[in-house]
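Subject: Two-chain model, handover and notes

Hello,

Here is the model for your files. My notes on the contacts, the domains and some of the strands follow below it.

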Amino acid sequence: MITKSKIIDVLLYASLLIFIVFAVFILCINQDVLYTAHERSEFLIGAHFFYDLMAKPFGLFQYIGGWLSQFLYNPVVGSCMLLGIWGLIYIVGGKAFKLKGSATAVMLLPIAFLLTSLVDLGYWIYDFTVRGYWFSQSVAYLVMLLLLWVARCTPRRWHLVWYVIGLGLYPFFGWFAMLFVICLILTEKPTWSEIIGIVLLVFTAIIWRALLYSDVKMEEVVMAGLPRFVTPSDQNDILSIPFWLVGVVSILIVLAGKYLANKFVPVVCAIAGIIFTISFMYRDNNYTAEMRMMRSAEADKWGEVLDIFTESQKPTISMVMLKNLALMNEGGILDRSFKMGNDINGIYNPDSVHVSFLEIASPVTYYNYGMFNEGFRLNFECGEQTGFSPIYLKMLSRCAFANGELEVVDRFVKLLHGHPYYRDWQPAPVAENVKELHNSYKDELTGVENSDSYVINSISCWYDSDSKVASEQALFFSMLRCDSRRFWASLKHYINLHQGEEFPVHAQEAYIMYYDKSPEEKKMRLPVSQDIYDNYNKFWATLESLIKSGMSQKEIPDKMRDEFGGTYWYYNIFAKKIAR
Amino acid sequence: MRALSIYILSLGVLLITACSEAVSNAKQEASLPEIFPDYTGVTIPVGIAPLNFCMDDRSALMVDAVVTDGKGRELHGQGEETTGFDIDQWHDLIANNPGDSLSVLVSAKYEDGWHTYQPFTIYVSRDAMDYGVVYRKLEPGYEVYSKMGIYERELSTFEETPLIENTQFSGCVNCHSFNKCAPTDMSLHIRGKHGTTLLRLDGEMKAYNTKTDNTMGLCVYPYWHPGGRYIMYSVNTTQQVFHVRDSNRIEVYDQASDLALYDTEKNELINTPLLARKSVMETFPSFSADGKTLYFVQATAIPEGSKELRNIHYNLCSIAFDSETGSFGEKIDTILMAESLNKTVTMPRPSYDGRFMMFTMADYGQFPIWHHEADLYMVPTSDLKQPITDVEKYRMPVVNTDDTESFHNWSTNSRWIVFSSRRDNGLFTRLYFSHIDEGGKDSKPFLMPQANPRRYYDELFMSYNVPDFVTAPVDFDDIKAEKLINSTERVQMKGR
């Protein structure tokens, strides 16, 4: 015979188990996100970073969060740490809010909100500036619950002392100090002394600002520590919702604790938490593919970059650029690049945050094209804006190393050596390709231009270099730009430097096309494979027949993709190109 | 309470003593120690903070230093990373030795035991340095900036105080200037959405809109007339571009610039046609010590859109100034035709005692901090009466290095200079001080002291910028400044 208490237990433990499995699953499918989190999370050893954070309320938890974020280098370790903290939140929350039995499951809600806050960022991961984001809120909430538990274990008359302690803890806890005091006040009917406490609380931020934080804006002092997603060009309030909900739910638990002793509470909370997380979670294959490609590119594992690209159906600009970089290193860019695809797709970015190739992949791209000054500048700028996280320190070191600035390398490497997973890190030797490209162009002055089109334009101008690598890249990028004038100049140079070598397939395709269609004077006659020639004629014949058949402009590319999708002509006529 | 304090103090002393290790069986080295910062043979003022140093070689396990004066008084410092001199004992020692020298015996412990090096000397000057320096600190970025601020450093301690930081508003906090190091009068330029010029006159602060109908833009580089009534500003249209390959990564240049005189009594920004010519770019103004001459640099403007920056050469010029009427002379004198040497002169700074003029010289342009070849030059004022022909004889023989030496300022007694240099790593600008003796001889400069210099400078991701001495704490009301900056109210300067 199943007793009522057993049913309650079964429902509770089943709900907990389901939620735990769900949380583990969510963390598992976000391992690339967590790895990227460590790469884009600033934690620097030394007093400057510490005092910089301590100069703001909640800075201590940001510091702790930043330190813990380093362990996301190994996402499994980082995930276990997060799960551990949330487990403690569950246990301590139950004690702090004096929850029993089924009611304890209500703690799944704040945990779900904290989990959501890690997986809902989308492309904000590249642009937000909150230090220690990945752990700070969870750790601070746990410590706040611990305090609340201790405070509620003390006699009621001591509460006033706890309010004062809450006031005193504001520099460390920020908005959690406020939450702590509110929760404590609401545990019992407020007395006059507690009302005074509330008044004090209202002035807490103002008092502390006058005493310590005059260099922080007033609006940032009041809710200090609550993550805000603001850049000079973007603002997103939705991403702050999980943290507001942590506060609201905590208050509601205090107010409605006695009504939570219902056997269905665990089921409702688990389902609500799961639905909330799924609703808010950002999921996109290209988003994670970009992360994986970047990780492989940084490690110069170009084969892996190509493998990841091959899996993708609709690659983004960053993926296309990284793929072409990989082909430069693996060889065969003029034989394989258009077969693999250079048609670009926009990133899935419902938040509309201004993130592009610049933030995602250009740190690696500039370096590998030998553009060390640009690479250094870009990485430094990104570091300044979002923090000198491992990815920027690594790329700054590599650019400085390639430029022969060993004292500058030393600066960045020393900082990296403070990271538990980069203790022995040193910049990899500069690849011959990279050196050759760097030496192949002359100094010139450029404006504030950092973009995919800037890379493409720059490289397509390298056609007068004597470097074989540079001539190949110049020819390729003139094709990518669909720039027939630069194509002829690049081709002439390429042929001179690559005598005795096979004429690459895509170069042949472009050659036929520009010979046939472009207005410039044809200066060269080159042998072209009969197959390619026949296929070219077939391409135009098919196109003409499809147009005549009345097929729409949108349908024609789809119809021709299977047969001609891997040719340069298809790219030239139909593909969405990287801006010129 | 007193007993408790004594107990804690005794415990502290005991702990420190317990941690120190006697130098024993040391191998005697024939060379001077290689230390960071390199304080060997430097000249320091009485009152400077302890010159703690570390062994340059990072494999050292401990460093030990004994500083001895001529009377046999000793100061001992020891630590795993730095010498960690006791600040009070340090001050006692140097206060007792003005005009004298100190001998520093350094020992370092390595895996194979202690090594003792040949002692080096630190000279203690009789010339005092001012209370502190004020500077901007920012990351040496290019287009974007994050946190930056204006900071005050008390030179007798390691204490640094932020005066204002850009976390209080959205924008960039920029050129600050005092009237001959007096903190009561201050000009501070803010750029960005809340752009303004904050002026503090006799302690009262106001936010100004410096754009007038007669000037082409906002006031940028200021210099106070010694009388205190006038401030000479440059008005610049500045651009920056980037080198693709050159080791000087960045070029900051003016497309146009003029000079304008601000009369603080009448709130008038006075435009003088001779200093606001379209074909010429005038910038970096400074007044002579007697206030009767305005020095500045000027160059022929390059055609709009041109990137022939290597053709921009600024010459050092002067014009007479009458502070009674606020008017300038009829003609501009060219003191140094740097153009003819294929060089450029920037940042002329006359010493406050009227003896010298110091400036930065580089290959071209007006923003030498990104130019590795930039060096400091110092000319006796008496030599400014005639055009300078042989400028190389004025190149400061001791302070310069192969890397950038740039922005500089004088102490009020004109016996010390503070300047910025990238000699340490070519990227991050640090502050150095050098003594200038009666005869104009520069001493080996010393890096601004820190409690643990290696850690401090290794971990600091910021560059120092526009250092200037102050005679007393600035006592800046940053909350009021924030309110002024964030408000839309501006005192409009009247153009004339």
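How many residues of chain A are in contact with chain B, and how many of chain B with chain A? The contact takes in 29 residues of chain A and 31 residues of chain B, where two residues are in contact if their C-beta atoms, placed from the backbone, lie within 7 Å.

Before the details, a note on the source. This is a predicted model, in which local features need pLDDT of at least 70 and side-chain atom pairs count only at pLDDT 80 or more, while totals for chains, interfaces and linings use all residues. Residues are numbered from 1 along each chain as its sequence is written, and chains are lettered from A and ligands numbered from 1 in the order in which they are written.

On the side of chain A that touches chain B, the elements giving two or more residues are α3 (47-54), α20 (372-386), α22 (406-416) and β3 (445-446) of chain A. Helices (H or I, at least four residues) and strands (E, at least two) are DSSP runs, numbered from the N terminus. α20(A) supplies the largest share, seven residues. By class, this side of chain A has 13 charged, nine nonpolar and seven polar residues; Ala, Val, Leu, Ile, Met, Phe, Trp, Tyr, Cys and Pro count as nonpolar, Asp, Glu, Lys and Arg as charged, and the others, Gly among them, as polar.

β3(A) is also joined to a strand of the other chain: two bridges link β3(A) to β18 (residues 230-243) of chain B, and the two run antiparallel. Two strands pair if DSSP finds at least two bridges between them. T446(A) has F242(B) in β18(B) as its bridge partner.

As for α22(A), its buried residues are V408(A), V409(A), R411(A), F412(A), V413(A), L415(A) and L416(A). A residue is buried if 20 or more other C-beta atoms lie within 10 Å of its own, exposed if 12 or fewer, and partly exposed in between, with C-beta atoms placed from the backbone. These buried residues of α22(A) pack against α21 (390-402) of chain A.

Domains of chain A

Chain A is divided into domain 1 (4-282) and domain 2 (287-574); the bounds come from an automatic or database domain assignment. The C-alpha centres of the two domains of chain A lie 43 Å apart. In the contact between them, 24 residues of domain 1 of chain A meet 25 residues of domain 2 of chain A. On the domain 1 side, the largest share, six residues, comes from helix α2 (residues 31-39) of chain A.

α2(A) also meets helix α5 (residues 75-96) of chain A: the axes come within 9 Å and cross at roughly 95 degrees. Axes are lines fitted to C-alpha atoms, for helices over the stretch in contact, and angles run from 0 to 180 degrees between N-to-C directions. α2(A) and α5(A) are therefore roughly perpendicular to each other (under 35 degrees counts as roughly parallel, over 145 as roughly antiparallel, 65 to 115 as roughly perpendicular and the rest as oblique). Q31(A), L34(A) and Y35(A) of α2(A) are in contact with P75(A), G78(A) and S79(A) of α5(A). That contact has three nonpolar, three polar and no charged residues.

Domains and strands of chain B

Chain B is divided into domain 1 (24-125) and domain 2 (132-486), with C-alpha centres 34 Å apart. 20 residues of domain 1 of chain B are in contact with 16 residues of domain 2 of chain B. Strand β3 (residues 43-45) of chain B gives the most to the domain 1 side, with three residues. The residues of that side divide into 13 nonpolar, six polar and one charged.

Strand β30 (residues 416-421) of chain B has six of its six residues buried. W416(B), V418(B) and S420(B) lie on one side, and I417(B), F419(B) and S421(B) on the other. β30(B) pairs in the antiparallel sense with β29 (residues 405-410) of chain B over four bridges, and with β31 (residues 430-435) of chain B over six bridges. V418(B) stands opposite F433(B) in β31(B). β29(B) and β30(B) form a hairpin with five residues between them, and S414(B) in the turn has a positive phi of about 60 degrees.

Regards
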